[in-house]
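I went through the metal site, then a sheet, then a helix.

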Amino acid sequence: MKLEIPGISGPVTPGKVLCIGRNYAAHAAEMESAVPEEPMIFLKPSSALTGSGSVVAIPSRSRDVHHEVELVCCIGKNGKNISREAALDHVVAYAVGLDLTARDIQGEAKRKGHPWSVSKGFDTFAPIGGFKESALVGDPSDINIKLYVNDELRQYGNTGSMIFDIPTLVSFCSEIFTLEPGDLIYTGTPEGVGPIRVGDTLRATADELPELVVTVSGQDRDE
Ligand code: MG
């Protein structure tokens, strides 16, 4: 999926969709997981991306797909070993996204010590809303992010509660990966994650950012 991102010329397919795990203490607690000592990174394939207005599919391999609403930042220029001080200069735009997770598959992977790629990487498992240019977004460490399922508020957090803030995440990720224009960072979810079901409408908001709305379908099953 190609994305239209203000500040980047032409539609772009993100080369990397980086995701941060356990970046809010209350979410780590609800998962009965320890708070990490440094940012915990995993990746999703860009084929998982899908835009607002689309349909997300619960794969036949899973019976327990969870929503995780997250602030997403988009990188605007190349960078390696970016300092914390320079980090926000590399963020060209923000969006609200969902890190959909097959919790049953993830749980089995955790038990076996296997990677999370399958549980996080199915098609449509990375819904993303429209982008807003970072220069027009206020303080990224004070954004309220919410998720409604069928108009019921299920998740509500503020990016000020992140364990590792956005400058830290950009700087840390850039020590490992060269960050390139169009790369996305899903910055972690606050508490309140839970299952989605066929027929649900998911609506994610992040203050003044464009809303993200998707509906849920089943795949290869009758429900
Ligand atoms: Mg997540």
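I began with the magnesium ion: its protein donors are Glu68 (OE), Glu70 (OE) and Asp99 (OD), at 2.0 to 2.1 Å from it. Donors here are N, O and S atoms within 2.8 Å of the metal (3.2 Å for Na, K and Ca); water is not among the atoms, so sites may look incomplete. Along the chain the donors are spaced E-x1-E-x28-D. I checked burial, where buried is under 20% relative accessible area, exposed over 50% and partly exposed in between (1.4 Å probe, protein chains only). Glutamate 68 and glutamate 70 are both buried.

For the record, this is a predicted model: local features need pLDDT of at least 70, side-chain atom pairs count only at pLDDT 80 or more, and totals for chains, interfaces and linings use all residues. Residues are numbered from 1 along each chain as its sequence is written, and side-chain values use heavy atoms, with hydrogens and water left out.

Three strands form an open, antiparallel sheet in the order 8-5-14. Strand 8 and strand 14 (194-195) are at the edges with a single partner strand each, so one side of each has no neighbour in the sheet. Strands (E, at least two residues) and helices (H or I, at least four) are DSSP runs numbered from the N terminus; two strands pair if DSSP finds at least two bridges between them. Strand 5 and strand 8 are joined by two bridges, and valine 65 has alanine 102 of strand 8 as its bridge partner.

Last, I took helix 3 (residues 103-112), where Arg103, Ile105, Gln106, Gly107 and Ala109 are buried. The buried residues of helix 3 pack against helix 1 (25-30), strand 5 (65-67), strand 8 (101-102) and helix 4 (117-121), contact being heavy atoms within 4.5 Å. Glycine 113 follows helix 3 and has a positive phi, near 75°.
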